[in-house]
Amino acid sequence: MFTRIDLHTHSRHSDGALTPAELCGLAVARQVQLLALTDHDTLAGCEEAERCCRGTGVRFLAGVELSTQWRETEVHVIGLRPEPLNAALGQHLSAVQELRRERIRQIGARLDRKGLDGAGMAEAALHQADAPTRTHLARLLVAGGLVKDPQQAFDQWLGRGRPGFVPARWPSIELAVGLINAAGGLAVLAHPHRYRLSNGALRELCGAFKTAGGAGIEVSVAGMSPDEATRAATLARRFDLAGSVGSDFHEPGLPWRPVGRFAKLPDAVVSITERLGLDAAIS
Ligand code: MN
Ligand code: MN
Ligand code: MN
């Protein structure tokens, strides 16, 4: 029976601050029983994480967080336990990583035009991760003393409508879910509360996700209010999606989002661990 579960975390292979080994160390210290590493658009950290969790009491699942497009909204889909060597998924991840690198270069060029060393920051970001993100640039803007924190970097430079903004066009949610399923994984709709969708639109998203072959939905993630958690649980039941929980951990400096922020799975929601065949419920 798993009671301490975290199925949504990041490492340095995307925009997390820790190596997979350091992340595992933290999971061990916090007595996590089941951990998934779900970096943005890369599985590259999973082998190391798997190795480091062996023999520690932390059971490890490979995972990935895919950015997708649903209508005008960027929607994140977690793939749990896909075959790491699946060719179609691997090709998709390589293509998205290249799109991400190109986007970082374009943002760099825009920042250059505003008198910042955008090209230099882009180059540095490209060296920091397989899947470089705007968060990498935000941290570099902080490090360069240009803004006080990453939030200000987005508000002033990187966010929509700001001088460094470059729109991203992600693959469709159907394509992403299809790839995860074809690789033998389970697709989980990540942090439904963060999309700023009306209740009606969120229901339509869940319907589309389920129709595409989605298996689960995050019903407890760090940052979700009790109200939002209740809404997510209602969606889980309505669309017959299993419940998943996670911290969306990125760095130890954010104390409200620690690895293994164990929350209880609401009653009447089937646990994703059951769908994974792990013979246990989150309780
Ligand atoms: Mn992230
Ligand atoms: Mn996300
Ligand atoms: Mn995440």
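This is a predicted model: local features need pLDDT of at least 70, side-chain atom pairs count only at pLDDT 80 or more; totals for chains, interfaces and linings use all residues.
Colleague: Leaving aside its neighbours within four places in sequence, which residues is Arg-103 in contact with?

Modeller: Arg-103 has its place in helix α3, which covers residues 87-113. Once the neighbours within four places in sequence are set aside, the residues in contact with Arg-103 are Arg-134, Phe-165, Val-166, Pro-167, Ala-168 and Trp-170.

Colleague: Which side chain of opposite charge is nearest to Arg-103, and how far away is it?

Modeller: Arg-103 is buried and yet has no salt bridge. A salt bridge would need a side-chain nitrogen of Arg within 4 Å of a carboxyl oxygen of Asp or Glu, whereas the nearest side chain of opposite charge is that of Glu-74, at 5.4 Å.

Colleague: How many disulfides does the structure hold, and how far from Cys-24 is the nearest cysteine sulfur?

Modeller: The structure holds zero disulfides. A disulfide calls for two cysteine sulfur atoms within 2.5 Å, and Cys-24 is in none, since the nearest cysteine sulfur, belonging to Cys-53, is away by 3.2 Å.

Colleague: Is Cys-24 buried or exposed?

Modeller: Buried means under 20% relative accessible area. Because the relative accessibility of Cys-24 is 1%, this residue counts as buried.

Colleague: Which residue of β7 is the bridge partner of Ser-220?

Modeller: Strand β6, residues 216-221, pairs with β7 in the parallel sense over five bridges. The chain passes from β6 through helix α9, residues 226-238, to β7 in a right-handed β-α-β crossover. Within β7, the bridge partner of Ser-220 is Val-245.

Notes. Residues are numbered from 1 along each chain as its sequence is written. Chains are lettered from A and ligands numbered from 1 in the order in which they are written. Side-chain values use heavy atoms; hydrogens and water are left out. Buried means under 20% relative accessible area, exposed over 50%, partly exposed in between (1.4 Å probe, protein chains only). Helices (H or I, at least four residues) and strands (E, at least two) are DSSP runs, numbered from the N terminus. Lys and Arg count as positive and Asp and Glu as negative; His and the chain ends are not counted. Contact means heavy atoms within 4.5 Å. Two strands pair if DSSP finds at least two bridges between them. A crossover is right-handed if, with the strands pointing away from the viewer, the path from the first strand over the helix to the second runs clockwise.
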